[in-house]
Amino acid sequence: MSLERVRDHFNQWNREQDIMEFETSSATVEEAANTIGVIPARIAKTLSFRGEGENAILIVAAGDAKIDNKKFRQSFGMKARMLSPEEVLEQTGHMIGGVCPFGLEKDLAVFLDVSLKRFDTVFPACGSTNSAIELTIDELFQFSFAKEWVDVCKGWEALENREKEPLDSHVK
């Protein structure tokens with residue numbers, strides 16, 4: 001099971017007990033944000049793309065970020081082509097809604113997008129559609145065995161200041 005592989009992955013840092021499992025779905029950015037009680041941008045989503053050869057490239061980005069095709073091509077020298085759900089499962093060992101850079105089926109290249117750097121902590125999934133873990137940005141880099149930080153997303157910069165506000169700041 002995918003969640004168990006992720007638990008085993010975090011065992012090497014004695015952090016497996018920090019994985020949160022929920023009664024409700026955390027499969028989408030919005031569901032995860034509602035379930036955890038944070039703004040959607042703090043959900044660290046893992047996106048799967050075709051890489052060179054057989055293996056995929058994983059990009060972990062903030063929940064409000066979208067891939068910028070031009071930046072992706074400049075960084076990786078190829079067009080951004082997302083994997084099908086079947087290919088994602090085959091490459092990562094995780095189903096859509098639980099994809100994360102931990103406990104991977106294959107040794108894949110993981111990159112973190114700079115859209116995450118504005119937060120002290122973020123919440124990536126943990127291999128299932130109802131799990132997550134809170135990690136600092138440095139822990140995310142370490143625990144995902146990320147190769148490097150990249151700037152391949154758009155859409156989050158304009159929202160940067162607003163999203164530092166507490167989740168309930170707009171509620172009266």
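Ala, Val, Leu, Ile, Met, Phe, Trp, Tyr, Cys and Pro count as nonpolar here, Asp, Glu, Lys and Arg as charged, and the others, Gly among them, as polar. One more thing before we set off: what you have open is a predicted model.

**Stop 1: the main core.** Select Phe10, Ile59, Ile67, Phe76 and Leu116. These have the most contacts inside the largest nonpolar core, which has 47 residues. Now colour helix 1 (2-11), strand 2 (43-50), strand 3 (56-62), helix 3 (69-76), strand 5 (109-113) and helix 5 (137-143): each gives two or more residues to this core. Strand 3 supplies the largest share, with seven residues.

**Stop 2: Phe76.** Which residues is Phe76 in contact with, once you leave aside its neighbours within four places in sequence? Select Ile57, Ile59, Phe111, Val150 and Val152, and you have them.

**Stop 3: another core.** Next, pick Ala32, Ala33, Ile43 and Phe123. They are among the nine residues of another core, which lies apart from the largest one.

**Stop 4: the largest pocket.** Click on Ala27, Lys45, Thr46, Gly97 and Val99. Out of the 25 residues that line the largest pocket, these lie nearest its centre. The space in there is about 350 Å³. Then show helix 2 (29-36), strand 2, helix 4 (85-92), strand 6 (121-124) and strand 7 (131-132), which each give two or more residues to the lining. Which of the elements gives the largest share of the lining? That's strand 2, with six residues.

Finally, colour the lining by class: you'll get 17 nonpolar, seven polar and one charged.

How values were computed
Residues are numbered from 1 along each chain as its sequence is written. This is a predicted model: local features need pLDDT of at least 70, side-chain atom pairs count only at pLDDT 80 or more; totals for chains, interfaces and linings use all residues. Side-chain values use heavy atoms; hydrogens and water are left out. A nonpolar core is a set of buried Ala, Val, Leu, Ile, Met, Phe, Trp, Tyr and Cys residues joined through side-chain atoms within 4.5 Å. Buried means under 20% relative accessible area, exposed over 50%, partly exposed in between (1.4 Å probe, protein chains only). Helices (H or I, at least four residues) and strands (E, at least two) are DSSP runs, numbered from the N terminus. Contact means heavy atoms within 4.5 Å. On a 1 Å grid over the protein atoms alone, a cavity is a set of points where a 1.4 Å probe fits but cannot get out, and a pocket is an open set with protein on both sides within 12 Å along at least five of seven lines; lining residues have an atom within 4 Å of a point. Grid points are joined across faces, edges and corners, and a volume is the space filled by probe spheres set on the points.
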